[in-house]
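Colleague: Could you take me through this structure? I have not looked at it before.

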Amino acid sequence: MDTSGLVVFARTNAALRGMNSLFRTRKVTRKYEALVCGHVAQDSGSVDLPLMRDYECPPFMRVSTDDHQRALIGLDAEVVGKKMLESPKDSLTTYEVVSREDMDGNDVSRLTLTSISGRTHQLNVHCAAIGHAIVGDT
C-alpha cells in the first residue's frame with residue numbers, strides 16, 4: 001500500500017513557535033483517509049479510548065484497560081523503561097464513511113479519520129479496537 005503525507009518544517013524559531021502554538025491549540029486539523037477491513041455500520045462516529053505503550057510488544061501502542069494497568073504494578077522503571085510506565089493518554093478519533101467497497105472479494109470501508117488528540121499509532125489502534133483494522137496493518 002502506498003502512503004502519502006505532508007511534512008512541515010519551520011525555517012525560523014519564530015515560525016516554529018507559531019506552528020507549535022497552532023498544533024497545541026488544535027487549530028490544525030489532521031485528517032487522513034484509510035481503507036479498513038469490513039463494512040463500518042455507522043456512517044460516522046468517534047472512538048474515545050485511552051492509549052498506553054504495549055508492554056508485551058514495544059514500541060507499539062494499545063488501548064489501555066484496568067487489567068493492562070494492573071499488569072504494570074511493581075515493574076521497575078530501570079528494567080522496563082520509564083516510557084513503559086507512563087499513565088494512559090486520552091485519545092479521540094472521529095470518522096466518516098466515504099464509501100463501502102469490495103476489494104478482491106473482501107468487504108472494506110474507506111474512511112476519513114480525524115485525529116483530535118494526535119497520539120502515536122492512534123488511528124491504527126482505534127480502528128482495530130472497533131473491529132475494523134486498517135488494511136495492510138500488521
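Modeller: The notes below cover the fold, the sheet and the surface. This is a predicted model, in which local features need pLDDT of at least 70, side-chain atom pairs count only at pLDDT 80 or more, and totals for chains, interfaces and linings use all residues. Residues are numbered from 1 along each chain as its sequence is written, and side-chain values use heavy atoms, with hydrogens and water left out.

Colleague: How many helices and strands does the protein chain have?

Modeller: The protein chain has four helices and six strands; these are DSSP runs numbered from the N terminus, with at least four residues (H or I) for a helix and at least two (E) for a strand. Their pattern along the sequence is α-β-β-β-β-α-α-β-β-α.

Colleague: In what order do the strands of the open sheet lie?

Modeller: Four strands form the open sheet in the order 1-6-5-2, with antiparallel pairing; two strands pair if DSSP finds at least two bridges between them. Strand 1 (30-37) and strand 2 (44-48) are at the edges with a single partner strand each, so one side of each has no neighbour in the sheet.

Colleague: Which residue is the bridge partner of Ser-44 in strand 5?

Modeller: That partner is Glu-96. Five bridges join strand 2 to strand 5 (residues 92-103).

Colleague: Changing topic, what share of the residues counts as buried?

Modeller: Of the 138 residues of the protein chain, 26% are buried, meaning under 20% relative accessible area with a 1.4 Å probe, protein chains only.

Colleague: And what does the C-alpha trace span?

Modeller: Along its principal axes, the trace spans about 50 × 45 × 25 Å.

Terms used. Buried < 20%, exposed > 50% of the residue type's maximum accessible area, 1.4 Å probe, protein only.
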